[in-house]
Amino acid sequence: MDLKKRLLRSLRLLGIALAVAGVPVLLAFVERVNHARPVSEIDVRLTGDPGLHFVDEAVIRQAVLDRGTAVIGAPIGSVDLPSIEERLLALPAVATAEAYHTMDGTLHVKVRQRDPLVRVFNRDGESFYIDREGWTMPVSEAWTARVPVVTGHLEEVGARDGSYRVDEATTTDGHSRDIHRLALFIHARPLWKALIEQVVVDHEGVFELIPKVGGQRIVLGSPASWPDEDALAERFTKLELFYREGIPRSDWRRYQRVDLRFAGQIVCTQRTTP
């Protein structure tokens, strides 16, 4: 009896060992079969804000096919996924790109568009966007983002020579870093996001805000005077107080200029003409 039990146990162990040894072989076989499977479909997904239309499915497919590169019908293992991702990331409006395939022969392409916060016009009339993550991006002939604009005495070259991070820029940055952090501040606060439509930078680097209603010039000051978010918040808190307490007692059109640069006070200039 003991001999029979030992024999059965040995057979079970042998079976387990054979099964374990066969797993790599089976996996290798499955992998070879999958890699040989032809690509039957390209599935394109655009993620992020659905209101963005800088690129569409046709543009993504064109980048994947790379001017006629055979993809549909090609063995899925022969498709260069890193190369596809590189081509997609070369599109200025693309923030992230991922390409992968599944066992059914589908090549999946997932792309997230850049999310512009502000559009900058330099003094020569050239313009570009700065996105949420601080990358510059060129404007599109097909679609325009509804974001605040920044104009004035600006030397910015933007995305003329390729996108760059404004916080890593050196000689070409101008006011881009400060524009970006101001745009982030405004975008994160519903009141200011709804109210501020333009920023003007004068020849001394002083930032002025132009609201959608009222027509005032709101003097925010030079970036050196609002070096961090707390300093910005202090000035916008004064502006909110002005709107809540001062404006209801008078006409929106009464004031031509609202200056926030002075500690503990708001200096207003009335219009000289009706």
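Quick definition before we start: helices are DSSP runs of H or I with at least four residues, numbered from the N terminus. Keep in mind that this is a predicted model.

**Exercise 1.** Find out which element gives the most to the lining of the largest pocket.

*Solution.* Start with the space itself: the largest pocket holds about 490 Å³. Its lining takes in 25 residues, and Arg146, Val147, Pro148, His187 and Lys193 sit closest to the centre. Next, look for elements that supply at least two lining residues each: β4 (116–121), α4 (176–187) and β8 (196–201). The top giver is α4, with 5 residues. Sorted by class, the lining comes out as 16 nonpolar, 7 charged and 2 polar residues.

**Exercise 2.** Work out how the span of α4 compares with the expected one.

*Solution.* Count first: α4 has 12 residues. The expected span is 1.5 Å times one less than that number, which comes to 16 Å here. From first C-alpha to last, α4 reaches 16 Å, so close to what's expected. While you're there, check burial: among the buried residues of α4 are Asp178, His180, Leu182 and Phe185.

**Exercise 3.** Track down the residues that touch the most other members of the largest nonpolar core.

*Solution.* Helix α6 (residues 229–246) brings the largest share, 6 residues. Now zoom in on Leu239: leaving out residues up to four places away in sequence, Leu239 touches Trp192, Ile218, Val258, Leu260 and Ile266. Another core, of 25 residues, lies apart from the largest one and includes Val44, Val55, Val109 and Ala145.

Definitions and conventions. Residues are numbered from 1 along each chain as its sequence is written. This is a predicted model: local features need pLDDT of at least 70, side-chain atom pairs count only at pLDDT 80 or more; totals for chains, interfaces and linings use all residues. Side-chain values use heavy atoms; hydrogens and water are left out. On a 1 Å grid over the protein atoms alone, a cavity is a set of points where a 1.4 Å probe fits but cannot get out, and a pocket is an open set with protein on both sides within 12 Å along at least five of seven lines; lining residues have an atom within 4 Å of a point. Grid points are joined across faces, edges and corners, and a volume is the space filled by probe spheres set on the points. Ala, Val, Leu, Ile, Met, Phe, Trp, Tyr, Cys and Pro count as nonpolar, Asp, Glu, Lys and Arg as charged, and the others, Gly among them, as polar. A nonpolar core is a set of buried Ala, Val, Leu, Ile, Met, Phe, Trp, Tyr and Cys residues joined through side-chain atoms within 4.5 Å. Buried means under 20% relative accessible area, exposed over 50%, partly exposed in between (1.4 Å probe, protein chains only). Contact means heavy atoms within 4.5 Å.
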